[in-house]
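Dear colleague,

I am handing over the structure below, and after it I have written out what was found, grouped by region so that you can follow it with the model open.

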Amino acid sequence: MAFDQLQGVVARLESNIASGPIVPTVGPQEIRDYLGSRYDFSKPVALDEVTDDVERMMRTWQVQVTHPRYFGLFNPSVTLASVIADTLVAMYNPQLAAWRTSPAANEIERHTLAWLTAKFGLPAATSASFTTGGAEANLSAVIVALTRAFPEYGEAGLRSLAASPTIYLTHEAHYSFNKIAHMTGIGRRALRTVATDRDLRMDLGDLARRVAEDRRDGLAPVMVVGTAGTTAAGAIDPLPDLARFCRSEELWFHVDAAWGGAAILSPRLRAHLAGIDAADSVTCDAHKWFSVPMGAGMFFCRHPDAVGEAFRAQTSYMPGKTAGPVVDPYTTSVQWSRRFIGLKLFCALAHHGESGYVEMIEHQARMGDLLRESVQRAGWRVVNRTPLPLVCFTRDGLVATEFLAALYERQIAWMSEVRLGDQAPVLRACVTSFRTQESDIEWVVREMSRLAEPELKVTA
Ligand SMILES: Cc1ncc(COP(=O)(O)O)c(C=O)c1O
């Protein structure tokens, strides 16, 4: 398969994906033996042979996240425009570290981020950059918040601080914050777990109590993380309340909208993100609900000065600081060499238009509603509450791990199991593909019920 045959592969994937398998049946040894037997790199292999073989491996040996019945962990189907964009990026390989080396790419990213900045209701002067994903965006938020709260943090380090910084989040917040606490040196214990209500949203009373208690104990509260679309259950923390609380307590308000942020485009859903406009910083991933390939996250921060201070850098081997109303991204973000991450979102937005995106997002939200209603009608118990297309459900006697193994074996669907609070594991299904149709949902729910019922008779 040479480059000019790539078009055929794309077209085939589009027409065949729905009828093919979703879950692979392969173990590591089979793949290792295969690779070992074919690729010792001792002599060259024709490019069409290599690409043909690699394409077959990807078609056969992976969970097909772009399948309409993949109800997984926010990995989307991807738009053709974004695939073409990523190919162009690979070909031209622009270096976005400095503005001067890639003016077009830098301005395309800036233009795209400015559009989204306005959608979130953030000020025009907001600093924004593309990241590899949500984890890097969350890391950026913590670094900038610490830099702003403690001017000595950057030069003298944490050991120079009079009090230990603390961050407030719920057990439903993304686990990347645990790694970030470790990496930034504030330590994992600096994360203070705030209680949630029945819908797994942050409990404001408990937040206030914990902050007051920590201040009394000589700690230095810095940041509150509100999640807009938690990973496990799609819960949206009470953003307006958190914003007010943070303002009154002089705390940094970070909104992790890695998945849910795309809902800002939908007239039907955007009210659920009210309060995001008051955030000090926002994480939003293009490689989740904006349906572009990995890795494409975004970090927005209303304090450009703090961003500039946190990531400042100056060396003789980089081009001199670009003058004028532009920034060199290596001085305003975690990364140094930078891929042109933003082109895939730019091309997809340009091609589909805002209305196309609204349609895509609202279609998935409708499929989520249908899934929720259908499982309930079929006797399952829905255990989460969210306006987003993510349904956690169970039924008496269900052993989630075993049930999922049977679901995968029959290629019915891919979904995951999750533990909400201290409850037994339940099934978690998220509509992540714009390809998912009503018929997929109806068929999956019918097949799941058929699979579950014999077990129920046994336990009854
Ligand atoms: C709410 C939330 N934040 C952050 C992340 C991390 O994002 P990434 O995997 O893009 O680094 C995720 C990933 O699922 C997430 O759901």
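By class, the shell around the ligand is made up of 8 polar, 4 nonpolar and 2 charged residues, and please keep in mind throughout that this is a predicted model. In total 14 residues surround the ligand, and the closest of them are Gly 133, Gly 134, Ala 135, His 174 and Ala 258. The element that gives the most to this shell is helix α6, which spans residues 134-149 and supplies 3 residues.

For Met 223 the partners can be listed: once its neighbours within four places in sequence are left aside, it is in contact with Val 142, Ala 145, Ile 167, Leu 251, Trp 252 and His 254.

Strand β4, which runs over residues 220-227, is mostly covered, since 7 of its 8 residues are buried. This strand pairs in the parallel sense with strand β2 (residues 165-170) over 4 bridges, and Thr 166 stands opposite Pro 221 in β4. Strand β4 also pairs in the parallel sense with strand β5 (residues 252-256), here over 5 bridges, with Gly 226 standing opposite Val 255 in β5. Between β4 and β5 the chain crosses through helix α10 (residues 239-249), and this β-α-β crossover is right-handed.

A second sheet can be described separately. It is an open sheet of 4 strands in the order β8-β9-β11-β10, and the pairing is antiparallel. Its edge strands are β8 (381-382) and β10, each of which pairs on one side only. Within this sheet, strand β9 (residues 390-394) and strand β11 (residues 426-430) pair in the antiparallel sense over 4 bridges, and the bridge partner of Phe 393 is Leu 427 in β11.

Some backbone details may deserve a look before you set up any calculation. A cis peptide bond joins Met 294 and Gly 295, with omega at about -10°, and Gly 295 lies in the loop between β6 (281-285) and β7 (297-301).

Phe 41 is not a glycine, yet it has a positive phi of about 60°; it lies in the loop between α2 (28-38) and α3 (47-60). Is Phe 41 buried or exposed? Phe 41 has 6 other C-beta atoms within 10 Å, and because a residue with 12 or fewer such atoms is classed as exposed, Phe 41 is exposed.

Gln 411, likewise not a glycine, has a positive phi of about 55°, and its place is in the loop between α13 (400-409) and β10 (416-418).

With best regards

Key:
Residues numbered from 1 in each chain as written. Predicted model: local features only at pLDDT ≥ 70, side-chain atom pairs only at ≥ 80, totals over all residues. Near = placed C-beta within 6 Å. Helix = DSSP H or I, 4+ residues; strand = E, 2+ residues; numbered from the N terminus. Nonpolar A, V, L, I, M, F, W, Y, C, P; charged D, E, K, R; others polar. Contact = placed C-beta atoms within 7 Å. Buried ≥ 20, exposed ≤ 12 C-beta atoms within 10 Å, placed from the backbone. Pairing = 2+ DSSP bridges. Right-handed = clockwise from strand over helix to strand, strands pointing away.
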